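I want a quick tour of the fold, the annotated sites and any open space worth noting.

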Amino acid sequence: MEALVRSTAGAPPLHTAKLSRLAVSNRIFAAVYASAVLALLYHRLETLAHLLHSSTTTTISSILISISLLIADLILAFMWATLQSFRMRPVCRTEYPDNLKKVVKESDFPAMDVFICTADPYKEPPMGVVNTALSVMAYDYPAEKVSVYVSDDGGSAMTLFALVEAAKFAAHWLPFCRKNDVVDRSPEVFFAANDCRNSETENIKVSNLLHHKR
C-alpha cells in the first residue's frame, strides 16, 4: 500500500470526496432515534421484570408475549444500528476517469468481466439487451481486457438472433465510437440525441437500421 501511495504521489486525482450536507441532520436524527429505541427497550425490560415478580395471577402467556416483543424490538434495533454506518458520514464523490491513464499504464489495467442477464424477451426487449451489450463493448477501455457475457435464462431465439446481428454491427460501431470519442456509447441513446448531419454518422445509422430490420 505504501508503494502504491508513493507511486501515485503528485499524480492527478482519480476522484474527490466531499462531506454531504446530510451528515449533520443524519446524526441528529440517529441520536433522537437511538434515544427512543433505548427508552422502548427499557420499557420492555421493566414490563417483563414486573410480570416475573408479580403475583401468581400472571399467566405464562403474558410472559411469553412480553419476551417475544422484547426479542422483536432487539432484532429491529440491531438491524437499524447496522445501517447507521452508511449514514454517519455520507460523501459526494466526483470521478475523473480521464486521469486514469495518467496514473496507470493501460497494460496494468485489470481485466473486466461484464455479465448481462435477461430472461423474458417480452418484458426485457432484445433491443435493450443489445444496446447494453454494445455500450459495454464500446467502453473506453483496452478491448482485450473486456469480456462481455449475456445470460438468457429464457433461451429465446429472438434474443440470440438480435445478439448475432449486434455482433455484426459492432464491427462498425466500436471503431466509430473510438474514432469520434463518443460519450453516449449506447446506439439507442446516441442516435436519439444526434441528428446525424455528417456523412459518417449517417452511414453508421443506416448500418444500424439495416441490422435491426433483418
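My entries follow, in the order I looked things up.

**Overall layout.** I'm working from a predicted model, so I keep to local features with pLDDT of at least 70. I count eight helices and four strands in the protein. Going along the sequence, I read the order as α-β-α-α-β-α-β-α-β-α-α-α. I also looked up burial: 27% of the 214 residues count as buried.

I checked UniProt next, where an unreviewed entry puts "transmembrane region" on residues 24–43 and 63–83. What secondary structure does the span 63–83 have in the model? It is 100% helix and 0% strand, and its end C-alpha atoms lie 31 Å apart. For residues 24–43 I get 100% helix and 0% strand too, with 29 Å between the end C-alpha atoms.

**The β3 to β4 stretch.** I then turned to strand β3, residues 112–118, which pairs with β4 in the parallel sense over seven bridges. To get from β3 to β4 the chain passes through α5, and I note that this β-α-β crossover is right-handed. For a landmark in the pairing I took Val 114, which stands opposite Val 148 in β4.

**Largest pocket.** How much space lies in the largest pocket? I have it at about 240 Å³. There are 13 lining residues, and those closest to the centre are Ala 133, Leu 134, Met 137, Val 148 and Leu 174. Which of them gives the most? It's α6, with five residues. By class I wrote down twelve nonpolar lining residues, one charged and no polar.

Is Lys 123 buried or exposed? At 72% relative accessible area it passes the cut-off of over 50%, so I log Lys 123 as exposed. Glu 124 has 34% relative accessibility, so I put it down as partly exposed.

**A look at α6.** I picked Val 164, which is found in helix α6. Its relative accessible area is 39%, so Val 164 goes down as partly exposed. I also checked Val 164 against Val 130: they are 34 residues apart along the chain, and their C-alpha atoms are separated by 9.5 Å.

Last entry: Asp 181. Its phi is near 50°, a positive value in a residue other than glycine. I flagged that because most residues other than glycine have a negative phi. Where is Asp 181? I place it in the loop between α6 and α7 (187–193). Asp 181 has a relative accessible area of 58%, so it counts as exposed.

How values were computed:
Residues numbered from 1 in each chain as written. Predicted model: local features only at pLDDT ≥ 70, side-chain atom pairs only at ≥ 80, totals over all residues. Heavy atoms only, no water. 1 Å grid on protein atoms, 1.4 Å probe; cavity = no way out; pocket = protein on both sides within 12 Å on 5 of 7 lines; lining within 4 Å. Points joined across faces, edges and corners; volume = space filled by probe spheres on them. Helix = DSSP H or I, 4+ residues; strand = E, 2+ residues; numbered from the N terminus. Nonpolar A, V, L, I, M, F, W, Y, C, P; charged D, E, K, R; others polar. Pairing = 2+ DSSP bridges. Right-handed = clockwise from strand over helix to strand, strands pointing away. UniProt positions renumbered as here; feature names shortened; annotations may be inferred. Buried < 20%, exposed > 50% of the residue type's maximum accessible area, 1.4 Å probe, protein only.
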